[in-house]
Amino acid sequence: MHIRRITPTIGVEITGIDLTQPISDTDFAAIKEAWLAHKVAVFPAQNLAEKDLMRFGERFGELEIHVRSTYHSRENKEVMVVSNLKQDGKAIGVLGDGEAQWHIDQSYMPQPTFGTILFGEKIPEEGGDTWFADLVAAYDRMPADLKAKVAGKRIVYSVDRHNRREGAKRPDLQMNAEQLKRAPDSPHPAVRTHPVFGSKAIWYSPSHGAEFEGWTEEASQPLFQELLQYMTQEDLIYKHHWNVGDVVMWDNTSTMHRRDPFPSHMTRLLKRVSFRYPPDQRIPA
Ligand SMILES: O=C(O)CCC(=O)C(=O)O
Ligand SMILES: [Fe+2]
């Protein structure tokens, strides 16, 4: 197994390992350490069935069944389909072919998800790159007065308001009452401490972060925008250009991501699992 840095702060490439095969405890420990330390790990040239993806994900933690059931794989509810493919006129996957705005996965849950793993099955010839921003490096770079402004503050996440906002364009995003009960408006710390390293990250997900707790949405915007200037600095971003067979995994404690649009006549199909923190680390601190 070979582990190689992709950029100075974010991203490692791990080769010489077949993720369909049993992974020794030693190799697994090395993978987990490299992934967490570098926040994003890329495993090129894999060929995973859904069960392989699930087995790999389960090594890291309990798999999360995504609250939005519309795009669960037909075979396994732990797997979500990310695709623009349609069957009988209906989308089989989430996100279509458009841009996916900067976000942190499931940040709107009372217990946001830990890591996400994507396997690229069909990749378009152009577009569809996924960008990862290093939120620990971004926090480090923030000036002291900005750090002081967000210290101790919480940001309220709302998937309900997100769904309503996007509702007209994306009726498929609507969630039922039971799903909304599992995903109520949830406040999380704006500065998040990593449960493994103790490092601090600026933790704001623009797609679902509604407001600072106790502030209005409108009053929160200027500070959100100020944070984003630090969170999206180009030298703190790893842009992943996909090849068929890539497995890419990221730590949602220390990164956010976005995706470029791609031409709608091209096909993109990825399989996705996400896994939870150990029980005592599930509430962000
Ligand atoms: O389509 C992509 O590359 C990213 C999808 C995404 O945001 C996710 O799976 O959480
Ligand atoms: Fe995502």
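Which residues surround ligand 1?

## Ligand shell

Ligand 1 is surrounded by Val82, Leu95, Ala100, Asp105, Thr116, Leu118, Thr130, His257, Arg259, Leu270 and Arg272. A residue is near a molecule or strand if its C-beta atom, placed from the backbone, lies within 6 Å of it. Strand S9 (115-122), strand S18 (255-259) and strand S19 (269-275) are the elements that give two or more residues to this shell around ligand 1. Helices (H or I, at least four residues) and strands (E, at least two) are DSSP runs, numbered from the N terminus.

Sorted by class, the shell around ligand 1 holds five nonpolar, three polar and three charged residues. Here Ala, Val, Leu, Ile, Met, Phe, Trp, Tyr, Cys and Pro count as nonpolar, Asp, Glu, Lys and Arg as charged, and the others, Gly among them, as polar.

## Model and overall form

This is a predicted model, in which local features need pLDDT of at least 70, side-chain atom pairs count only at pLDDT 80 or more, and totals for chains, interfaces and linings use all residues. Residues are numbered from 1 along each chain as its sequence is written, while chains are lettered from A and ligands numbered from 1 in the order in which they are written.

The protein chain has seven helices and 19 strands. Its radius of gyration is 18 Å, close to the 19 Å that the globule rule gives for 285 residues, so the protein chain is as compact as a globular protein of that length. The radius is taken over C-alpha atoms, and the rule is 2.2 Å times the number of residues to the power 0.38. The C-alpha trace spans about 50 × 45 × 35 Å along its principal axes. Of the 285 residues in the protein chain, 38% are buried. A residue is buried if 20 or more other C-beta atoms lie within 10 Å of its own, exposed if 12 or fewer, and partly exposed in between, with C-beta atoms placed from the backbone.

An open sheet of four strands runs in the order S8-S18-S10-S16, with antiparallel pairing. Strand S8 (100-103) and strand S16 (237-240) stand at its edges with a single partner strand each, so one side of each has no neighbour in the sheet. The twist averages 15 degrees from one strand to the next. Axes are lines fitted to C-alpha atoms, for helices over the stretch in contact, and angles run from 0 to 180 degrees between N-to-C directions. Within this sheet, strand S10 (residues 130-134) pairs with S18 in the antiparallel sense over five bridges, and Asp134 stands opposite Thr255 in S18. Two strands pair if DSSP finds at least two bridges between them.

Another open sheet has three strands in the order S12-S11-S15, again with antiparallel pairing. Its edges are strand S12 (186-189) and strand S15 (209-212), each with a single partner strand, so one side of each is left without a neighbour in the sheet. Neighbouring strands here are turned by 35 degrees against each other on average, direction ignored. Strand S11 (residues 154-157) is joined to S12 by four bridges, and the two run antiparallel. Tyr157 stands opposite Ser186 in S12.

## Strand S17

Five of the five residues of strand S17 (residues 247-251) are buried, so the strand is largely enclosed by the rest of the structure. Val247, Met249 and Asp251 are buried on one side, and Val248 and Trp250 on the other. In a regular strand the side chains alternate between the two faces of the sheet.

S17 pairs in the antiparallel sense with strand S3 (residues 40-43) over four bridges, with Val40 opposite Trp250. S9 and S17 pair in the antiparallel sense over five bridges; in S17, Val248 is the bridge partner of Leu118. Leu118 is also among the residues that surround ligand 1.

## Helix H5

The buried residues of helix H5 (residues 159-166) are Val159, His162 and Asn163. Seen down the axis of H5, they fall within an arc of 95 degrees, so they line one face of the helix. The arc is that of the directions from the helix axis to the C-beta atoms.

## Positive phi values

Leu95, one of the residues around ligand 1, has a phi near 85 degrees, a positive value in a residue other than glycine. Leu95 belongs to strand S7 (residues 94-95) and is buried, with 20 other C-beta atoms within 10 Å.

Asp88 has a phi near 50 degrees, also positive in a residue other than glycine. Asp88 lies in the loop between strand S5 (86-87) and strand S6 (90-91) and counts as exposed, with 5 C-beta neighbours inside 10 Å.
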